[in-house]
Amino acid sequence: MCVRFSELDALRIGVWGAGREVRSFAQQLARRMPSAQIAVAAFDDAAPDGLRETLRAPDLRVVTGSAVAGALAECDVVVRSPGVSIHRPEMRALRAAGVRVTTATALWLAEREGRGVIGVTGSKGKSTTAALIAHLARAGGRSAHLAGNIGVPALDLLDQPPFDLAVLELSSYQIADLPVGPEVALITNLFREHVDWHGSEQAYHAEKLRLLALPGVRRVVLNGRDAQLARAADDAAQVTFYGVADGWDASAAGVQLGGVPMLESAQLPLPGEHNALNLCGALAALEAFGIAAPPLAQTLAGFTALPHRLQTVAHSGGAVWVDDSISTTPESALAALASFPAHEIVLIAGGQDRGQDYAQLAHALAERRATVIGVPSTGSRLIEAALDAGVPAERAIAAPDLAAAVALARERSRPGAAILLSPAAPSYDSYRDFEERGERFQSLASGPA
């Protein structure tokens, strides 16, 4: 059921979670909808301190555990944090009872009916692609804001004067029940991810792909190298492909448009052909929106990498230390390896177990004669796969934690090596998020040798 932010006045509202999006929602609600009230806040575990002040709701009822479903059923609308799965039985019960469930991002998109928005999603590369779109649009003289999972929460854009473009990074958690889509929808790729939230790999892919057919979507931009996306194009609105010979495409030489060179690889702001492909997606999305590309070499010289995405963080002992903590899949770790073709690789990998298949990554490590240092929880499985693929035992090493892994990497690396944290797994078994994991790696990498 589609709900607009402007329709919330005088309603009884529940929120589930108090993450970044919900905090933004509470702030905007208090300022703009004085007759609305957040009546219930639900949590799986203990509520955070200062909740009433955070949500600006002094008469708030806070519920946890078995009380959640009943308390939220008394509300007119429930705004969930993206991390709360729509597949939970409590969510199904709320919808069956006629309670409208939404997210803060969905409220904002419905208010705009998708107009003036490029939405970017994908298993990997969506943050970099979204940041590139905003950077290029601004360089072309347009007022552009970056929002969603990077930049500001979407509802914070209500405070901005009229603008030309909002670039919205969207996760599958947000798309799964999104009722209105962006004017231009871009999908970078589809891998195996977030099976615990969606219930299966098939459901994850289906809930990503539903973005293509949502009301409000006028143009679709897809990575033509992804076979599943190519098949999905049949059910989409007007489609532009990138990563294809007759469109924006990437190779080891750089970026081409219809086979005509547009940017040499040395001029790319980020390493790796996958990042050149992200740039192609950004350029294709801008064209679909109606914005011509500015002069690329000059414009991209001012673009800096997002933190924890193939970010060079130290040079020590002749080796380069690279933080790619955003890598949560084997596919992203493979792309990271390919970004350093001339380096000897020491890979630090491992994290939360989501049933990752490490066979292809292991074979790539064997072909590169790389050293792999595995950390909990999946590091042991990666090492086993590496040994099976032919990596010698002296180059496949288990470490009890990241600090020990960094110490081992120092011992095993030689001048000219790339010591790469590209975990190929989420961080939640040991860290709050990939940012905390990356910050820990940076601190260790820049510490005493």
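**Exercises on salt bridges and a sheet**

Arg192 has a relative accessibility of 35% and therefore counts as partly exposed. The model is predicted.

**Exercise 1.** Determine where the partners Asp249 and Arg225 lie in the chain, and classify the burial of each.

*Solution.* Step 1: the closest N and O atoms of this salt bridge are 2.9 Å apart. Step 2: Asp249 belongs to strand E12, whereas Arg225 lies in the loop between strand E10 (219-223) and helix H10 (227-232); the two residues are 24 apart, and the pair links distant parts of the chain. Step 3: buried means under 20% relative accessible area; Asp249, at 16%, is therefore buried. Arg225, at 40%, is partly exposed.

**Exercise 2.** Describe the sheet that contains E12 and explain which strands form its edges.

*Solution.* Step 1: the open sheet has 3 strands, in the order E12-E13-E14, with antiparallel pairing. Step 2: E12 (248-251) and E14 (260-264) each have a single partner strand, so they stand at the edges and one side of each lacks a neighbour in the sheet. Step 3: the twist from one strand to the next averages 30°. Step 4: E12 pairs with E13 (residues 254-257) over 4 bridges, and Ser251 has Gly254 of E13 as its bridge partner. Step 5: helix H11 (residues 273-289) packs on the sheet and touches E12, E13 and E14; its direction makes about 170° with that of E12.

Note on methods:
Residues numbered from 1 in each chain as written. Predicted model: local features only at pLDDT ≥ 70, side-chain atom pairs only at ≥ 80, totals over all residues. Heavy atoms only, no water. Pairing = 2+ DSSP bridges. Axes fitted to C-alpha atoms, helices over the stretch in contact; angles between N-to-C directions. Contact = heavy atoms within 4.5 Å. Buried < 20%, exposed > 50% of the residue type's maximum accessible area, 1.4 Å probe, protein only. Salt bridge = Lys/Arg side-chain N within 4 Å of Asp/Glu carboxyl O.
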